[in-house]
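Here is a short report on a protein structure. Please look at the fold before reading on.

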Amino acid sequence: GNFQNNIIAVIGDSTFAHSGITGLLNAAYNKRATLTIILDNGTTAMTGMQENPASGRTLKEEPTVSLDYRKLALSFGIREENFKVIDAFNIKEIEETVRAFLKKNELALIIIKGLCRILYNRGEKSKADRITAVDREKCTKCNICLNAGCPAILKIDDRITINTELCSNCTVCVQLCPRGAIHEKKL
């Protein structure tokens, strides 16, 4: 669709809690048809994995209140049907929801939630029994997988390969590959 007049704001969970919340409040107050997307990875990854008001733990790692996005959205006047929490690794649902919310052209909030891959790899949810691999027979070298921006996906000598040392098995590339050439396999 044509979404050139839509306003979209994308912000991380920590930055939202520290300074973005006022932007959403002002969008609601001024009746702006804004789609806000919060990328909640459960930490403040960009500055060293500190806790934040959305993580549910203090900087001393003590349990504390956690920002409830749904209650916040409703208190700002965002309608229930214009609020959604989506798994960060479900590319299809993210794309469908963003398109549907943009078509509405109303104040909306999407939370894209998924544990930071660094924390994930530290063992909180290990998938060490599997790796992601490229089936060279199926790969047509379309390079769509490179759009994921993943440092583990490499193009070497015109061939796509996955560096298993860097791969966190998030499966985003598996979802993006139109030929099914990227897949998980058991070790």
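The report below covers fold, core, surface and charged pairs.

This is a predicted model: local features need pLDDT of at least 70, side-chain atom pairs count only at pLDDT 80 or more, and totals for chains, interfaces and linings use all residues. Residues are numbered from 1 along each chain as its sequence is written, and side-chain values use heavy atoms, with hydrogens and water left out.

**Fold**

The protein has five helices and eight strands. Helices (H or I, at least four residues) and strands (E, at least two) are DSSP runs, numbered from the N terminus. Along the sequence the order is β-α-β-α-β-α-β-α-β-β-β-α-β. Of the 187 residues, 36% are buried. Buried means under 20% relative accessible area, exposed over 50%, and partly exposed in between (1.4 Å probe, protein chains only). Contact means heavy atoms within 4.5 Å. Among contacts with a separation of 6 or more, 67% join residues 24 or more positions apart.

**Core**

The largest nonpolar core holds 15 residues. Such a core is a set of buried Ala, Val, Leu, Ile, Met, Phe, Trp, Tyr and Cys residues joined through side-chain atoms within 4.5 Å. Phe16, Leu24, Ile38 and Leu109 have the most contacts inside this core. α1 (13-29), α2 (69-75) and β4 (108-113) each supply at least two of its residues. The largest share, four residues, comes from α1.

Ile38 reaches beyond its sequence neighbours within four places; its contacts include Phe16, Tyr69 and Leu109. Thr34 sits in strand β2 (residues 34-40). Thr34 is buried, at 7% relative accessibility. Leaving aside residues up to four places away, Thr34 touches Ile7, Ala27, Glu106, Leu107 and Ala108.

The whole structure contains one aromatic pair. The rings of Phe16 and Tyr69 have centres 6.4 Å apart and planes at 50 degrees, so the pair is tilted. Phe16 lies in helix α1 and Tyr69 in helix α2, so the pair ties together parts 53 residues apart in sequence. Rings of Phe, Tyr and Trp (its six-membered ring) pair if their centres lie within 6.5 Å; planes under 30 degrees apart count as stacked, over 60 as edge-to-face and the rest as tilted. Both Phe16 and Tyr69 are buried.

**Surface**

The protein exposes about 11,200 Å², with 52% supplied by carbon and sulfur atoms. Accessible areas come from the Shrake-Rupley method with a 1.4 Å probe; for residues, only the protein chains shown count as cover. Ile8, Val10 and Leu39 make a nonpolar surface patch of about 260 Å². Patches take residues with over 30% relative accessible area and no salt bridge; nonpolar side chains (Val, Leu, Ile, Met, Phe, Trp, Tyr) are joined within 5 Å, like charges within 9 Å. Val10 belongs to strand β1 (residues 7-12). Val10 is exposed, at 55% relative accessibility.

**Charged pairs**

How many salt bridges does a search of the whole structure find? There are eight salt bridges. Each is a side-chain nitrogen of Lys or Arg within 4 Å of a carboxyl oxygen of Asp or Glu. The table gives some of them.

| Glu80 | Arg70 | 2.9 Å |

Asp158 is partly exposed, with a relative accessible area of 43%. Lys141 is partly exposed too, at 40%. Salt bridges that share partners also join Arg79, Glu81 and Glu106 into one network.
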